[in-house]
Amino acid sequence: MSEDTMGRHAIETVMGAAVLIVAGVFVYFAINTAQVGTMSGYEVKAAFYTIGGLSKGSDVRLSGVKVGTVVDAGLDPKNYDAMVTLRLAGDVRLPKDTVASITSSGMLGDKYVRLEPGKDTAMIADGGQITHTKDYRSLEDQVGEIIFLATGGTGKGNP
């Protein structure tokens, strides 16, 4: 082997090691920021007419702070509503009149469940259900409603 070839192999080895170190740093960062793992706490259910792309693993937030995770979303066979199961942190107790709504983090952001606690003194128990919900409203639905209101409800514009 010539010295030139050995020099190239050494540079390639150093570059490969640098790439592996950078990849390791990214994996470490991803694991620590993604909060991977099972959240301890309790589960509650909430029924929605439509969930608009909410999926398993989506956040549950209270006052903008993550307090839980969506652990399941399925169809209620009795009334065909979307039944969402939430796992909440054990230290977060919700009044029975809490309102759950599905919203997004901006126009193209991920969907999450937003909780608005009520004033009731009785709390939702483990395995209980949030009975007050607001369905997801897509951007298209909101624009359509604005157009409908702007045209006086006729759909033809104002004369």
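View 1. Let's start with a count: by the rule used here, the number of aromatic pairs is zero. This is a predicted model, so everything in these views is read from a prediction. Arg61 lies over the face of Tyr112, at 4.1 Å from the ring centre.

**View 2. The whole chain, for orientation.** Here you can pick out two helices and eight strands. Follow the protein from the N terminus and the elements come up as α-β-β-β-β-β-β-β-β-α. The protein has 159 residues, and 25% of them count as buried. Its accessible surface comes to about 10900 Å², with 60% of that belonging to carbon and sulfur atoms. Now look at contacts with a separation of 6 or more: residues 24 or more positions apart account for 62% of them.

**View 3. Strands 2 and 3, side by side.** This pair is antiparallel and held over four bridges. To find your place, look for Leu62, which stands opposite Val65 in strand 3.

**View 4. Strand 5 and its two partners.** On one hand, strand 5 pairs with strand 6 in the antiparallel sense, over six bridges. On the other, three bridges join strand 5 to strand 8, and these two run parallel. Ala100 is a handy landmark: its bridge partner in strand 6 is Leu115, while in strand 8 it stands opposite Thr133.

**View 5. The largest nonpolar core.** In soluble globular proteins, nonpolar side chains tend to be buried together. The largest nonpolar core in this model has 24 residues, and those with the most contacts inside it are Val60, Leu86, Leu88, Leu94, Val113, Leu115 and Ile130. Strands 1 (41–48), 2 (59–62), 3 (65–75), 4 (82–89), 5 (99–104) and 6 (111–116) are the elements that give two or more residues to this core. Which strand gives the largest share? That is strand 4, with five residues.

**View 6. Around Leu86.** Zoom in on Leu86 and set aside its neighbours within four places in sequence. What is left in contact with Leu86 is Tyr42, Glu43, Val44, Val60, Thr69, Val70, Val71, Val113 and Ile130.

Technical notes
Residues are numbered from 1 along each chain as its sequence is written. This is a predicted model: local features need pLDDT of at least 70, side-chain atom pairs count only at pLDDT 80 or more; totals for chains, interfaces and linings use all residues. Side-chain values use heavy atoms; hydrogens and water are left out. Rings of Phe, Tyr and Trp (its six-membered ring) pair if their centres lie within 6.5 Å; planes under 30 degrees apart count as stacked, over 60 as edge-to-face and the rest as tilted. A charge sits over a ring if NZ of Lys or CZ of Arg is within 6 Å of the ring centre and within 35 degrees of the ring normal. A nonpolar core is a set of buried Ala, Val, Leu, Ile, Met, Phe, Trp, Tyr and Cys residues joined through side-chain atoms within 4.5 Å. Buried means under 20% relative accessible area, exposed over 50%, partly exposed in between (1.4 Å probe, protein chains only). Contact means heavy atoms within 4.5 Å. Two strands pair if DSSP finds at least two bridges between them. Accessible areas come from the Shrake-Rupley method with a 1.4 Å probe; for residues, only the protein chains shown count as cover.
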